[in-house]
Amino acid sequence: PSVGIVEQVLFSDNMQVYPNPSNGMVNIKFETTKSAPLNITVTNIVGQQVFSINRNATVAGNQREQLDVSHLTEGVYFITISSGKQLITQKIIISK
């Protein structure tokens with residue numbers, strides 16, 4: 001039998017971003033299975049990072065973040081939450 005390192009899954013599959021479309025504040029709800037530092041980034045449709053925040057440590061369980069996206073122009077963006085090699089992404093539309 002082969003022996004390998006199994007990486008524990010950090011995120012559950014239920015990331016919610018609301019309101020969507022948005023023109024101001026965006027709420028992000030997601031669940032983590034263990035404590036870990038997180039990076040939250042917002043990228044535009046061509047992959048340019050337009051916003052980023054780091055959280056040094058979170059506890060396992062339900063997480064909630066609020067982002068101010070009022071400075072972004074209208075369009076489609078992607079919110080990505082990552083930790084190490086694991087990430088989850090959700091599309092958001094900014095409409096003024």
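**Chatting through a seven-strand model**

Me: Where does glutamate 65 lie?
Reply: Glutamate 65 sits in strand 5, which covers residues 61-68. Strands here are DSSP runs of E with at least two residues, helices are runs of H or I with at least four, and both are numbered from the N terminus. This is a predicted model, in which local features need pLDDT of at least 70 and side-chain atom pairs count only at pLDDT 80 or more, while totals for chains, interfaces and linings use all residues. Residues are numbered from 1 along each chain as its sequence is written, and side-chain values use heavy atoms, with hydrogens and water left out.

Me: Is glutamate 65 buried or exposed, and why?
Reply: Glutamate 65 counts as buried because its relative accessibility is 12%. The cut-offs are under 20% relative accessible area for buried and over 50% for exposed, with partly exposed in between (1.4 Å probe, protein chains only).

Me: What does the side chain of glutamate 65 join up with?
Reply: Arginine 55, through a side-chain polar contact of 2.9 Å. That term means a pair of N or O atoms within 3.5 Å; within protein, one must be able to donate a hydrogen and the other to accept it, and residues adjacent in sequence count only if both atoms are side-chain atoms.

Me: And which residues is it in contact with?
Reply: Setting aside neighbours within four places in sequence, glutamate 65 is in contact with Val26, Asn27, Ile28, Phe30, Ile40, Ile53 and Arg55. Contact means heavy atoms within 4.5 Å.

Me: What about glutamine 63, buried or exposed?
Reply: Glutamine 63 is in strand 5 too, and it counts as buried because its relative accessibility is 14%. Its side chain makes a polar contact of 3.2 Å with the side chain of threonine 32. A polar atom of that glutamine 63 side chain also lies 3.2 Å from the backbone oxygen of glycine 61. Beyond four places in sequence, glutamine 63 is in contact with Ile28, Lys29, Phe30, Thr32 and Thr58.

Me: Changing topic: which peptide bonds are cis?
Reply: Two to look at: tyrosine 18 to proline 19 is cis with omega near -10 degrees, and asparagine 20 to proline 21 is cis with omega near 10 degrees. Most peptide bonds are trans.

Me: Where is proline 19 found?
Reply: In the loop between strand 1 (16-18) and strand 2 (25-32). Proline 21 has its place in the loop between strand 1 and strand 2 as well.

Me: How do strand 6 and strand 7 run?
Reply: Antiparallel, with 9 bridges joining strand 6 (residues 75-83) to strand 7 (residues 86-94). Two strands pair if DSSP finds at least two bridges between them. Glycine 75 has isoleucine 94 in strand 7 as its bridge partner. The two strands form a hairpin with 2 residues between them, and glycine 84 in the turn has a positive phi of about 65 degrees.

Me: Which residues does alanine 36 touch?
Reply: Not counting residues up to four places away in sequence, alanine 36 touches Leu10, Asn56, Ala57, Thr58 and Ser83. Alanine 36 lies in strand 3 (residues 36-44) and counts as buried at 9% relative accessibility. From alanine 36 to asparagine 56 is 20 residues in sequence and 7.5 Å in space, C-alpha to C-alpha.

Me: Big picture, how many helices and strands?
Reply: The chain has 0 helices and 7 strands, and its C-alpha trace spans about 55 × 25 × 20 Å along its principal axes. Buried residues make up 38% of the 96 residues. Among contacts between residues at least 6 apart in sequence, 58% join residues at least 24 apart.
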